[in-house]
Amino acid sequence: MGRRVNMDSLGLFVLLISTFLHWTAASSADEISWSYSGFVGQSEWSEYFPDCGGTSQSPVDVITTQTKYDPSLVPVMPLGYSQHSNQPFSMHNNGHTVIVELPEWMGLGGLPWFFTAVQLHLHWGNGGPGVGGSEHTINGRSSDAELHVVHYNAELYPNMSAAMTQRDGLAVLGILIETGEETNPGFNNILNYMSRIRHADQKTFIPAFDVQSLLPKDLGRYYRYNGSLTTPPCYQSVIWTLFHERVQISKAQLLKMEMMLYSSKVQEVDRMLLQDNYRITQPLNHRIIFASFSAESGRELSSGEVTAIVIGVMCGCVGVAVIIRFIVKTIRFFKLLHLETVVVNSSTSSWDVLHNNRPAPMPRTKETEKSQEIKTDLALTLTSKAERKEELSPSPQTEP
Ligand SMILES: *[C@@H]1O[C@H](CO)[C@@H](O)[C@H](O)[C@H]1NC(C)=O
Ligand SMILES: *[C@@H]1O[C@H](CO)[C@@H](O)[C@H](O)[C@H]1NC(C)=O
């Protein structure tokens, strides 16, 4: 009984605390300070931003064997990405990522509507080994980082804020980033200036650069699905394009990205590194991920694979030739076997008969070495053959 009372009072206490927390969270206006882990971490987002608990959330894991090839998906066309202007780009740290604002004359074609560029930003890990910091994964495998280029549907909506809550309102390009040996000069256009915006809410201007230099070369092969913003408020308004080709940056570039920024503001005493700013993959919930390419054309063959295929085909041809030869021989053998029963009556060894008479029932158009050998044999045994000629004369074709 006493135990029961304790449980009830504990329950009431928890209820009061959570009500208080909800009240304080709600009282801090629209700007609830969410994070990737800790207080209002990913698993709590949906309590404060209901769309984060929706059924068409992003990112997702792309299981390539379950994608559907859609031949109508044409290459995406960046418009004005490479155009240079003397207008610098604005770049800031919003406490969750680094954002570069893009001029409105940049856009995206190749989708059912024209989309205007808004901004680009990055997602990354924590500088350690282990899983990468990409949001989307392919066949369960993450990449080291991920670039998102955000656009809004300028044909259906007047601006970004109107479009971002609506279906088909946004188009985001997802570019998986992996590390290699070489420095990627395109990414230095951002990384070289990140030291100016180490703290949340800091802002700077950077020289305009060719945004297309951040994209993979192959814009024709990608995955397409309907999803959401990957940060609160998680609006389910995004037509996603995730490129099949990854881009490479150097290990030093990745480390700079992962170690440079703080999620804390400049006046905050405790500095918090801005790391692991990726959302975990969300359930597909019966959504279909379309691929602009079919699995067979999805990758180039290595020279080793080409050699293997050539050898395989050659072996196959030889195999088929051997089988055909075997079948021909078997047919001939059985025909001769039939003849043998006739010939055996002439009191000769059956193998002699088989050997000596082999070419007789099957006239060939092309003479092999073997048949020539047999011919010489025939010449030697011509006399005995002549004797049997009468017996062999009924052709096998005349048999029922
Ligand atoms: C966006 O468009 C809507 C609808 O026309 C308008 O009410 C709103 O003020 C616009 N917002 C901005 C930031 O321009
Ligand atoms: C996204 O949803 C719309 C309907 O709202 C549908 O017409 C379209 O085919 C979907 N696209 C993909 C890639 O699933």
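1. The lining of the largest pocket is made up of 20 nonpolar, 17 polar and six charged residues. The model is a predicted one, and this applies to every point below.

2. The largest pocket holds about 1300 Å³ of space. Its lining counts 43 residues, and those closest to the centre of the pocket are Trp34, Asn94, Gly95, His96 and Thr97.

3. Three strands are to be noted in the lining of this pocket: β7 (115–123), β10 (145–153) and β14 (238–243) each contribute at least two residues. The most comes from β7, which supplies four residues to the lining of the largest pocket.

4. Which residues surround ligand 2? They are Arg167, Arg224, Tyr225, Asn226 and Phe290. By class, this shell consists of two nonpolar residues, one polar and two charged. Strand β13 (residues 222–227) provides the largest share of the shell around ligand 2, namely three residues.

5. In asparagine 226, an N or O atom of the side chain is 2.3 Å from an oxygen atom of the ligand. In arginine 167, a side-chain N or O atom is 3.5 Å from an oxygen atom of ligand 2. As to cover, ligand 2 on its own has 360 Å² of accessible area, and the protein covers 50% of it.

6. Ligand 1 has Pro158, Asn159 and Ser161 around it. An oxygen atom of ligand 1 lies 2.4 Å from a polar side-chain atom of asparagine 159. How much of ligand 1 does the protein bury? Taken alone, ligand 1 exposes 360 Å², of which the protein buries 28%.

7. A separate point concerns an open sheet of three strands, in the order β1-β8-β9 and with mixed pairing. Its edge strands, β1 (61–62) and β9 (141–142), each pair on one side only.

8. Within this sheet, β1 pairs with strand β8 (residues 137–138) in the parallel sense, over two bridges. Valine 62 has isoleucine 138 of β8 as its bridge partner. In general, the strands of a sheet pair through backbone hydrogen bonds, in either a parallel or an antiparallel way.

Definitions and conventions
Residues are numbered from 1 along each chain as its sequence is written. Chains are lettered from A and ligands numbered from 1 in the order in which they are written. This is a predicted model: local features need pLDDT of at least 70, side-chain atom pairs count only at pLDDT 80 or more; totals for chains, interfaces and linings use all residues. Side-chain values use heavy atoms; hydrogens and water are left out. A residue is near a molecule or strand if one of its heavy atoms lies within 4 Å of it. A polar contact is a pair of N or O atoms within 3.5 Å; within protein, one must be able to donate a hydrogen and the other to accept it, and residues adjacent in sequence count only if both atoms are side-chain atoms. Accessible areas come from the Shrake-Rupley method with a 1.4 Å probe; for residues, only the protein chains shown count as cover. Ala, Val, Leu, Ile, Met, Phe, Trp, Tyr, Cys and Pro count as nonpolar, Asp, Glu, Lys and Arg as charged, and the others, Gly among them, as polar. On a 1 Å grid over the protein atoms alone, a cavity is a set of points where a 1.4 Å probe fits but cannot get out, and a pocket is an open set with protein on both sides within 12 Å along at least five of seven lines; lining residues have an atom within 4 Å of a point. Grid points are joined across faces, edges and corners, and a volume is the space filled by probe spheres set on the points. Two strands pair if DSSP finds at least two bridges between them.
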